[in-house]
Amino acid sequence: MTRSLTAALAVVLALAGCAAAPTGAAPSDQVIALLLPESKTARYEAVDRPEFEKVVRDRCPECTVVYANADQDAATQQQQAESALTQGAGVLVLDAVDAAAAVSIVGQAHRRGVPVIAYDRFISDADLDYYVSFDSRRIGRYQGEALVRELAAGRTGPDDPPQGVLMVNGAATDPNSAALEAGVADAFADAPIEILASYDTPDWSPDKAQEWVTGQLTQYAGRVDAVYAANDGTAGGSISAMKAAGLDPVPPVTGQDAELAAIQRIVTGDQSMTVYKAISEQARTAAELAVRVLRGEVPVTTATVAGVPALLLSPVPVTLDNLHRVIVDGGVYTTEEICVDPYTDACAAAGLLDGGAP
């Protein structure tokens, strides 16, 4: 081998070694990264981020939160994770846009010695350190049971034909979607229900849910007795489609997240139920966990999911019957926030304005 070729190979190997080595600041015990997936769902910017940051400020005044929102773009989230790690993040709290794509983020963090807490969405096939979320299968079961009850009330006898349901699922890239569907299947198992069609809503988009339901109402004209909507955003899109098609009253529709607009739809009767998840508690739990992990502690967890230590919070189904107790008395929204025009008459009828039972 010539001297020049040997020298050239040495340069190539040196460059390859540099490319493989982590760059940027070393992991710091004062930097926490919070990476959230999108902003179409109101909760992330309105609740998750501020609650998380508040707990970190209180528990670790010297700590910095490196925050980024990926706006439903997996490639953007990858770049944001790389940026957070080069800024010295000592722990990564990750709510993945795409669980499959996020496996590489977990691997990259671990190569720098940075633990990863999966937040809200589980990441399969990744060596996660912790997981903080709600029991999605239980949420799906609550949603399915609500539809079973609603549809049973409309049956006249055991010889009635099965009732038709449209399934507006969450995004296929979100592992919670599969768990939700499994919970719904549990609830539907022995019910006289026919699933007319099923749709995995890209990006959990209300607009795409509305577009799909509009088409299904034409295809299954007169046969749609209820709509399973995985969250409140897709519920809103589904309800808009049915109203535009002239369905009055709107068939039963489920939801999840207890967004203000969904609570108002429950008051007016347009949405049958939602599932309240104490998102503020979830964010606070994740922040407390992140601080403890950053300090080298071994936190106590309450469950194990696919071998990963987990903290799972309990969801609560919300209907008009318990809306006042769970939402108003629970401090989620005030009656002043819920009962603005044009919802004042419906609030009065529901007993919300005089502190009634719902």
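User: How much space lies in the largest pocket?
Analyst: About 310 Å³. A pocket here is an open set of points on a 1 Å grid over the protein atoms alone, where a 1.4 Å probe fits, with protein on both sides within 12 Å along at least five of seven lines; its volume is the space filled by probe spheres set on the points. This is a predicted model, in which local features need pLDDT of at least 70 and side-chain atom pairs count only at pLDDT 80 or more, while totals for linings use all residues. Residues are numbered from 1 along each chain, and side-chain values use heavy atoms, without hydrogens and water.

User: Which lining residues are closest to the centre of that pocket?
Analyst: Val-47, Ala-258, Ile-279, Val-332 and Tyr-333, out of 17 lining residues, where lining means having an atom within 4 Å of a point.

User: Which helix gives the largest share of the lining?
Analyst: H2, with 3 residues. Helices are DSSP runs of H or I with at least four residues, and strands are E runs of at least two.

User: Switching to the sheet, what is the strand order?
Analyst: The open sheet runs E2-E1-E3-E4-E5-E11-E10, with mixed pairing; two strands pair if DSSP finds at least two bridges between them. Strands E2 (64-69) and E10 (303-305) stand at the edges with a single partner strand each, so one side of each lacks a neighbour in the sheet.

User: Which strands does H2 touch?
Analyst: H2 packs on the sheet against E1 (31-36), E2, E3 and E4, contact meaning heavy atoms within 4.5 Å.

Definitions and conventions. Axes are lines fitted to C-alpha atoms, for helices over the stretch in contact, and angles run from 0 to 180 degrees between N-to-C directions.
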